[in-house]
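Subject: Structure handover

Hello,

The structure we discussed is below. My notes on what was found in it follow.

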Amino acid sequence: MVTLNQELASLKESLTSTDRMLAERTAERDDLAAKLAARQEPLPMRIDLNWLETFDGKIWDKKPESPPAFFSRKNRPVRFISVVNLKGGVGKTTTTANLGAALAHLGKRVLLVDLDYQGSLTSMCLDDSELRTVRSNKRFVERILEGYGVDENGLKPWTQRIANDKAFYLVPAEEPLCDVENQMMIKWFLQGSGGGKEDPRYVLRRVFHSAEVQDAFDIVLFDCPPRLTTACINALACSDYAVIPVLPDERSTEAVPRLLFTLRTLRQNHVCPDLAVLGVIANRTYATFSTKTLADREEAAWNYLKRICDNEMPDESIRYFTNCVKQFTNEAFDAARKKRFAFHAKNFGDGFRQLTDELLQAMQSREERG
Ligand SMILES: Nc1ncnc2c1ncn2[C@@H]1O[C@H](COP(=O)(O)OP(=O)(O)O)[C@@H](O)[C@H]1O
Ligand SMILES: [Mg+2]
């Protein structure tokens, strides 16, 4: 007769041995799973063609799903300005640099942001030793676009002081910006309609509209490249204003309505609904700032420009700046070589100061109109 105690002991023994077996099999399974994971090839990526087709051949026009907030300018000291024209060689970089120098001279806290992978603004603003510092600290705009973001130090880790000025800074750019921009764009195309990833058009808005940055500067000028690149769309989506430098000749003026059409489409599609076109600035004119008289051919191109722009954007009161940037003389080029900015040349400082006053006044009257 098997006693109850004996039966219980035998059951316990059998349970212990089953537990042991289970533990062994589990370890075996985990081991095999780890080996399998180590050998497994990544699954081939499924490209969502329907999603790609929704771009309709355009890259940036797509209506955003949930863009980050555009912090109202009424509640911040800083103003964001994109210096933009989809044509190269019209003076975007020259205008950005010299307006920046003139604004800093007025006591404004100024930040310039180079968004062209060619880095022309960077080489204009920094000397060799500053560039070396920038390189060793990897203070380049592409790092911001890559998503390094800002902490309580704001933009400090990404900015370089210009010419030891106490409130004049640059976020520099160099060639790898181009790779980062492509990578951001490709990732967006490949992410598929499920979304979930950050919209690559709003990285700068997220950073520059953060509390740490808004209070650190009065004016941020984005020097845009001559194409609607990832960096350029980021600047537009972050900016209050677009300022358009143009050469007053017929071929250059034709690029402006094309840009206005692009900006209008971006606004209509809610990509950058808060962006206002502040105005058009003539560069390389033979006018004198005191008389503000343009040469006849320049005057004709300027009037033609006004007509075609008002046609393209009839509801926007675009300002055709009465102050323009004169064709540099040797003296201005010398000043730019020695002191970095033509603004410091004797006969050019006043011109840039007047242009800067007009810029500030244009913003003020826009804002008073609401
Ligand atoms: N007012 C000016 N007088 C003389 N040369 C100028 C002037 N503005 C720009 N440039 C020259 O024209 C070229 C293009 O100017 P830049 O500012 O780099 O244009 P963008 O940024 O639109 O490509 C540069 O070599 C620059 O030195
Ligand atoms: Mg440029």
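Helix 3 gives the most to the shell around ligand 1, supplying three residues. Helices here are DSSP runs of H or I with at least four residues, strands are runs of E with at least two, and both are numbered from the N terminus. Helix 3 (92–105), strand 7 (276–285) and strand 9 (325–326) each contribute at least two residues to that shell.

This is a predicted model, in which local features need pLDDT of at least 70 and side-chain atom pairs count only at pLDDT 80 or more, while totals for chains, interfaces and linings use all residues. Residues are numbered from 1 along each chain as its sequence is written, chains are lettered from A and ligands numbered from 1 in the order in which they are written, and side-chain values use heavy atoms, with hydrogens and water left out.

Ligand 1 is surrounded by 14 residues (a heavy atom within 4 Å). The closest are Gly-89, Lys-92, Thr-93, Thr-94 and Phe-328. By class, the shell has four nonpolar residues (Ala, Val, Leu, Ile, Met, Phe, Trp, Tyr, Cys, Pro), three charged (Asp, Glu, Lys, Arg) and seven polar (the others, Gly among them).

Oxygen atoms of ligand 1 make polar contacts (N or O pairs within 3.5 Å): one is 3.0 Å from a polar backbone atom of Gly-91, one is 2.9 Å from a polar side-chain atom of Lys-92, and one is 2.9 Å from a side-chain N or O atom of Thr-93. The protein covers 76% of the 560 Å² of accessible area (Shrake-Rupley, 1.4 Å probe) that ligand 1 has on its own.

Regards

Definitions and conventions:
A polar contact is a pair of N or O atoms within 3.5 Å; within protein, one must be able to donate a hydrogen and the other to accept it, and residues adjacent in sequence count only if both atoms are side-chain atoms.
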